[in-house]
Amino acid sequence: MTHKAGFVNIIGNPNVGKSTLMNALVGEKLSIITSKAQTTRHRILGIVNGDDYQIIFSDTPGIIKPAYELQESMMDFVKSAFEDADVLIYMVEVGETALKNEAFFNKIIHSKIPVILLLNKVDKSTQEEVEEKIDYWKKKVPSSYVYVISALEKFNIDTVFYKIIELLPESPPFYPKDQLTDKPERFFVNEKIREKILLHYKKEIPYSVEVETESFVEEDNIIKIRSVIMVERETQKGIIIGHKGNSIKRVGTEARKDLEQFFEKKVFLDLYVKINKNWRSNERQLKRFGYKD
Ligand code: GDP
Ligand code: K
Ligand code: MG
């Protein structure tokens, strides 16, 4: 029996549904999803194993023009995802017309890597629009495989999955066959907390926050977790905590519930807030949080 394995990297503009697609393909909620751009900051691997294949998906931050150092690191993740791919998934929304980064797009379509071009959010589009857009993309990128999907409603995901397997090179597996991701458990705790912050706070607050899990202790019946929410300024600390601590309590309760589902175990989650001045522009801090090698 021949074995296939390879890296499948999902790229595209912010908010087109990359993380939703990866979770649908992997069947686990590995990537956090919100309606805000820059929800995904890291490159996150999701591994799917079959008897004769291993697909290593990577979800990436959306393509943007970097304005500060954290965003530059985020774009390095996107570029690295492009360089080591066996198959590229380029995702757009059906309704999207202009590309935010034409040069980057041209680099992709002129590379030798097979490209699957996905038109997502078909559930929000009319039949007419869909047909018109399929035509448009097939003409623009004749060498690509174009599919219309809904990552949210899991429409056409199977078709894409089988196409990926077809395009994978013959290779032994790269990771142990029971491994689901390359990230440690603490990473998913940090991300889940950050997701709740993205959902419940406005303006610049989510973007100035980083979460670090200081301890993760798994006992027989419970996982005891202590995490710190880092902000850049004193005023932001007050906003995160909220009146009588109500805001941070809500974050803690919602994150804990999701984590209990994710780990399939009871979770005790202890949250506190700390000021870490200008961490987003600080090389050492960015390394510490895993944004730089
Ligand atoms: P990313 O920034 O590209 O990773 O996009 P996300 O996966 O975080 O999704 C951004 C927003 O689009 C979220 O609110 C998703 O629920 C929504 N979304 C993703 N896929 C679909 C889809 O197929 N249909 C609809 N209607 N919304 C979607
Ligand atoms: K998003
Ligand atoms: Mg994302």
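The residues of the shell around ligand 1 divide into five nonpolar, 11 polar and four charged, where Ala, Val, Leu, Ile, Met, Phe, Trp, Tyr, Cys and Pro count as nonpolar, Asp, Glu, Lys and Arg as charged, and the others, Gly among them, as polar. The model is predicted, and local features need pLDDT of at least 70, side-chain atom pairs count only at pLDDT 80 or more, while totals for chains, interfaces and linings use all residues. Residues are numbered from 1 along each chain as its sequence is written, and chains are lettered from A and ligands numbered from 1 in the order in which they are written.

**Exercise 1.** Describe the surroundings of ligand 1 and state which helix gives the largest share of the shell.

*Solution.* Begin with the count: 20 residues surround ligand 1, and the closest are Gly17, Lys18, Ser19, Thr20 and Leu152, a residue being near a molecule or strand if its C-beta atom, placed from the backbone, lies within 6 Å of it. Next, turn to the secondary structure, where helix H1 (residues 18-26) supplies three residues, the largest share of the shell. Helices (H or I, at least four residues) and strands (E, at least two) are DSSP runs, numbered from the N terminus.

**Exercise 2.** Characterise Leu21 by its place, its burial and its contacts.

*Solution.* Leu21 is located in helix H1. Since 26 other C-beta atoms lie within 10 Å of Leu21, this residue is buried; the terms mean that a residue is buried if 20 or more other C-beta atoms lie within 10 Å of its own, exposed if 12 or fewer, and partly exposed in between, with C-beta atoms placed from the backbone. Leaving aside neighbours within four places in sequence, Leu21 is in contact with Ile10, Met91, Asn120 and Ala151, and contact here means that the C-beta atoms of two residues, placed from the backbone, lie within 7 Å. For Asn120, which is 99 residues from Leu21 along the chain, the C-alpha separation is 9.0 Å.

**Exercise 3.** Decide whether Ile149 and Ser143 are each buried or exposed, and locate both.

*Solution.* Ile149 is found in the loop between S6 and helix H5 (157-167), and it is buried, because 23 other C-beta atoms lie within 10 Å. Not counting residues up to four places away in sequence, Ile149 touches Leu118, Asn120, Val122, Phe155, Asn156, Ile157 and Val160. Phe174, by contrast, is 25 residues from Ile149 in sequence and 29 Å away in space, C-alpha to C-alpha. Ser143 lies in the loop between helix H4 (127-140) and strand S6 (145-148), and it counts as exposed because it has 10 C-beta neighbours inside 10 Å. The C-alpha atoms of Ser143 and Phe216, 73 residues apart along the chain, are separated by 47 Å.

**Exercise 4.** Find where Gln38 and Lys203 lie, and give the phi of each.

*Solution.* Gln38 sits in the loop between H1 and strand S2 (44-50), and although Gln38 is not a glycine, its phi is positive, at about 65 degrees. With 17 other C-beta atoms within 10 Å, Gln38 is partly exposed. Lys203 belongs to the loop between helix H6 (185-200) and strand S7 (210-218), and its phi, near 50 degrees, is a positive value in a residue other than glycine. Lys203 counts as exposed, with 8 C-beta neighbours inside 10 Å.

**Exercise 5.** State how the protein chain is divided into domains, and describe the contact between domain 1 and domain 2.

*Solution.* The protein chain is divided into domain 1 (4-167) and domain 2 (185-288), with bounds that come from an automatic or database domain assignment. The contact takes 10 residues from domain 1 and 12 residues from domain 2. On the side of domain 1 that touches domain 2, the residues divide into three nonpolar, four polar and three charged. The C-alpha centres of domain 1 and domain 2 lie 28 Å apart.
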